[in-house]
Amino acid sequence: MDVLSDVITAMRTGRPASNRARVAPSWCFRFDPYDGAGFHVLLRGTGWLVPERGAAVPLDAGDIVLVPHGSAHVLSDSPTARGAVPFDTAVDDPEGRTEFVCGKYRLDRSRTHPLLAELPDVVHLPHRLGHHPDLRAAVDLLARETTGDRPGRDAVVSGLLDLLLVYMVRAWFDDHPGGGWPKALHDSEVAAALRALHGDPAAPWRLEDLAARVGVSRATLARRFTALTGQPPMAYLAWWRMTTAAHLLRETDRPLPAIAREVGYGSPFAFSHAFKRHFGLTPGRYRARTETEED
């Protein structure tokens, strides 16, 4: 089980969206807070990303910026947010020398996974460093697909956007391997434990079973797992079971007994009790609420 892909799948809601724009000076666009993550790819020209807090980030052609927590920010041709207008008012200028692709992903913020919570407010992936060829290839394909109207364009763009989110998060983790979740995913025993829990969350796991599975003592696994992920293994398992259940309630029409079994509960009653303890409402009401929000 690929833990990063599993986490993104569990948090994603709806379909990603993107827009391509070509602009001429002076330009300054505002992006309001969003219940998800946003990104920008500067295809041509230069610019600045001005976050709500912190210093402005200079951008060159080929740079990629991920705003993983959906915080408000400005994309501008200068390091200031003065005079910013909503991005949806942008008018494409065929003569413009600056071109970018902007996109967004809807994420379920009620259960933000700590793996994604560790990301900073702005993840800047400069082109000049020459890293991450997979990410660059996905960006090049996206840039080509967002021009014209080729057959199958919508399906291709949607798939590329899914890939792009994984590649952006992976790139940041690769660049920051020193601690927390990036280190957890590269630690052989902790990563193996995570794969086991994600691969079969319904199994009747005990700490001793998990430790035997990855070949270390209970104390060693508990210490290393907690230090890198922020939770003991069994606490993480309980949290992940509820996160998985919420995803299944939100994105599928499976009956409650089937979902209960899939996340390791022998009866719908026990599952409902645990779910309400975590979310403050029953699984049925949670499903009804998310359906109303989508309508």
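A pocket is an open set of points on a 1 Å grid over the protein atoms alone, with protein on both sides within 12 Å along at least five of seven lines; its lining residues have an atom within 4 Å of a point. The model is predicted, with local features requiring pLDDT of at least 70 and side-chain atom pairs pLDDT 80 or more, while totals for chains, interfaces and linings use all residues. Residues are numbered from 1 along each chain as its sequence is written, and side-chain values use heavy atoms, without hydrogens or water.

The largest pocket is lined by 22 residues. Phe31, Asp32, Tyr34, Phe87 and Lys104 lie nearest its centre. The volume of the largest pocket is about 390 Å³, taken as the space filled by probe spheres set on the points. Strands S1 (12-23), S2 (28-31), S3 (36-44) and S9 (98-107) each give at least two lining residues; strands are DSSP runs of E of at least two residues, and helices runs of H or I of at least four. S3 supplies the largest share, four residues. By class, the lining of the largest pocket has 10 nonpolar, eight polar and four charged residues. Here Ala, Val, Leu, Ile, Met, Phe, Trp, Tyr, Cys and Pro count as nonpolar, Asp, Glu, Lys and Arg as charged, and the others, Gly among them, as polar.

The structure holds 16 aromatic pairs, that is, rings of Phe, Tyr or Trp (its six-membered ring) with centres within 6.5 Å. Phe29 and Phe100 pair edge-to-face (planes over 60 degrees apart), at 6.4 Å centre to centre and 65° between the planes. Phe29 lies in S2 and Phe100 in S9, so the pair ties together parts 71 residues apart in sequence. Both Phe29 and Phe100 are buried, meaning under 20% relative accessible area with a 1.4 Å probe, protein chains only. Ring pairs also link Trp27, Phe29, Phe31, Phe87 and Phe100 into a cluster.

Helix H7 (residues 207-214) has the buried residues Leu207, Leu210, Ala211 and Val214. Seen down the axis of H7, these fall within an arc of 100°, so they line one face of the helix. The arc is that of the directions from the helix axis to the C-beta atoms. The face turned away from the buried side of H7 carries Ala212 and Arg213, both exposed (over 50% relative accessible area). The cover over the buried residues of H7 includes helices H6 (188-199), H8 (218-229) and H9 (233-251), with contact meaning heavy atoms within 4.5 Å. Gly215 follows H7 and has a positive phi, near 85°.

Methods
On a 1 Å grid over the protein atoms alone, a cavity is a set of points where a 1.4 Å probe fits but cannot get out, and a pocket is an open set with protein on both sides within 12 Å along at least five of seven lines; lining residues have an atom within 4 Å of a point. Rings of Phe, Tyr and Trp (its six-membered ring) pair if their centres lie within 6.5 Å; planes under 30 degrees apart count as stacked, over 60 as edge-to-face and the rest as tilted.
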